[in-house]
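Subject: Structure handover

Hi,

Here is the structure I promised to pass on. My notes follow below it.

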Amino acid sequence: MSAGNRNPDGYVFILPALILYVLFMFIPMIKTVLISFQDWGGSGTVKVWVGIDNYIRLFTDIIFWKAFLHNVIWVIFTVVVPLIIGLILANILNGKVKAKIIFRVTYFLPYILSLVVVGIVWSWIYNPIFGNLNSFLTSIGLESLACGWLGNENTALLSLLVVGSWTAFGLCMVIILAGMQSIDPVVYEYCTLEGGNSFQKFFYITLPMLKNTLASLILFLTIGSMRVFDLVYIMTKGGPYHTTETMATYLFTKAFRNNEVGYGASVAVFLTLFVLMISFFYTRYINKKDA
Amino acid sequence: MKKRFISMFVWMLFTAAVLTAGGQEEAKDEKTELTFWHTFQDAQQAAAVQEIVDLYMEKNTDISVEVTVWDGDQAKTVFGPALATNEAPDIMYTMSNDEMLGVFAEAGYVIPLEDAYEKYGWDDILPAHTKTSCYKNDRLYGIGHELDILGVYYNKVIFAECGLEVPEDYDEFLNVCEVLKENGYIPIAFANQNGWPAYHQQSFFYNNIVGKEQLHKDMFEAGSFDRPEYVESIEYFLEWIEKDYVIPDTLSVTYNDGNAMFNTGKAGMHTTGLWAFNSFYDALGDDIGFFQFPQIKDDKPAINPGGIGSCFTVTSNCENPDLAFDFLDFLISSDVAEIWLSGSIIPGVHLTDQQVDSYAMPPLFRDIVKAVNSPAGFGFNVDIYMTAEVNEVTLNVLQEAIAGKKTAEQVIAEIDAAWQISK
């Protein structure tokens, strides 16, 4: 169909979805930006325009930057670890494994569980009194390692990162496996004929051909990690004393518990812009490499 | 043309479906409706409230009261938006602190009640302290309810096993802790992953070391927490941590898990409020005892923090305030006090010992009700009167102090700094 002969019926069909998107996404986003320039308690009608005061406060807020750092750590850990585990598992399952489907379903299960459920169950596992982890460590003679995992500043964040990675590796495995299965087996046959071994096949064929799949996964996981809220809120609420605070939990506390909606909105705007910036530069980098 | 017509029809169908998604309006009942939200989520408490509501509807057959029960944490995030969007009920049971009632009052979402107090004579039946936290900007917005008192619950069986008696002063209390610890029990089931249980320990020591009068001045007369007595209070609290008198890894254990430790006989004592009574009584029955926090200083009489935490309010949504007042008058009357008490809720209305003796309730609860209604009264539950900012700072610095990262001086300095900014 030529540009001058477009069927306008298509616009009619996307209009309802567009209306919903504008009502529930676009307008609230604009309002959030406006609120970020105001001092508002969340319940009253009076909103005092404060200009960029909330943003100035943001840039001098130690706890906010602590939360930001935790998000960066979260990104690194919960992207790299699930990706590596997913690659290894996908590579194994791509070979001759019996009852493959059982493994695929089992490894994918953590991803489909509600994060609230995951948070509650793992809180039980980490419980210093009756948790399975401390019981297990004690039973194998490592009682000295048993501790209050979620209440100790040295272990709380790491404990959450383990859970975060646990929820993501299954997704990585499934997507990478799908990518692997789309690689033409003839390429591997040529490699075998040329005398290539398994490692060479993996690093010189599999990985390069999975480049686009991995790039998309990394971006998807990164965005998810920057927005992490459920797990942290359920398991520690950002404590003890902000040692597991993330930007999302911080903005929730500020906006909905401390009635500082304007300041919370400024955190939300910063988070959104930061994620957009990462996505933009990352996508540009990948496209450049492709070119 | 036909295609376009079909497209338009589909779009109109969709739009109609979206616009009517709320369903059809039900036929209007002839009864006058009153909506009531509360946060008595404990099953026994909720049942008591419903019994009172049903009784009111029996007496007023032309009125229908629709009750919704909310979780306390949910209420913090739901009530405000509901008020802001005119979706709030006629009557709301809300916390009387600045975070909730203060915000609602300032926004004009709840109506002042001075006229209702005068018309219904509530001042004659409600003690003055039930109003203290319901004043915002010198206007009265709530009817205080659910008297609470913080004290020490103890396991009588464990005490007997260890040859212990109820301590009469603080030195004896510390001795009780030592003996319990030597016998393999956790002395005090204090668990602070949630952060807020530390507020109550802070209140115990503030009231008994600083004293009620000075505390009142510093909280209500624009004072300061920058006093050695407040530092000393925190040091007394931290002594429990240093001597391992609380649950190990207390920052990793939730309040509910701490209660479970007490309920399952692993801890000898628990310093907490009346809201947990049902859970303790269900688990331990008559093996549970209660005593007031022991005297610490010779010149300061022993006093337990307590008072009103929540109150009934009438929202500006309410189209029939007189009906709402009538319902509230019934809710807080002594006629239904026994029903409140059956749910382990101490109503705000003053009760004499004779009245309390005439009601059916567990003996321990009877003792607590009498203690609450005694002329000695109670001290201040500090976090109720602090702003959200101060409470947030307090929660975090106390956790840091428990972890050994901050001294008592640093704790008080930070709390006071936050108080000076936000009071």
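B:Arg227 touches B:Gln214 and B:Asp218, leaving aside residues up to four places away in sequence. This is a predicted model, so read everything here as computed. B:Arg227 sits in the loop between helix H10 (212-220) and helix H11 (228-242) of chain B. Its relative accessible area is 29%, and it therefore counts as partly exposed. B:Ile288 is 61 residues from B:Arg227 in sequence and 37 Å from it in space, C-alpha to C-alpha.

Next, the second largest pocket. Its volume is about 1,200 Å³. The lining has 44 residues. B:Asp98, B:Gly102, B:Val103, B:Glu106 and B:Thr387 lie nearest the centre. Helix H4 (residues 98-107) of chain B gives the largest share of this lining, seven residues. By class, the lining splits into 17 nonpolar, 16 polar and 11 charged residues.

Then the cavities. How many of 30 Å³ or more turn up in a search of the whole structure? The search finds two.

- The largest cavity has a volume of about 40 Å³. Strand S6 (residues 143-149) of chain B gives the most to its lining, three residues. Other classes aside, five lining residues are nonpolar. B:Trp275 and B:Glu146 are among the lining residues.
- The second largest cavity has a volume of about 30 Å³. Helix H9 (197-210) and strand S9 (267-272) of chain B are the elements that give two or more residues to its lining. That lining has five nonpolar, five polar and no charged residues. It includes B:His200, B:Tyr255 and B:His270.

Best wishes

Notes:
Residues numbered from 1 in each chain as written. Chains lettered and ligands numbered in written order. Predicted model: local features only at pLDDT ≥ 70, side-chain atom pairs only at ≥ 80, totals over all residues. Heavy atoms only, no water. Helix = DSSP H or I, 4+ residues; strand = E, 2+ residues; numbered from the N terminus. Buried < 20%, exposed > 50% of the residue type's maximum accessible area, 1.4 Å probe, protein only. Contact = heavy atoms within 4.5 Å. 1 Å grid on protein atoms, 1.4 Å probe; cavity = no way out; pocket = protein on both sides within 12 Å on 5 of 7 lines; lining within 4 Å. Points joined across faces, edges and corners; volume = space filled by probe spheres on them. Nonpolar A, V, L, I, M, F, W, Y, C, P; charged D, E, K, R; others polar.
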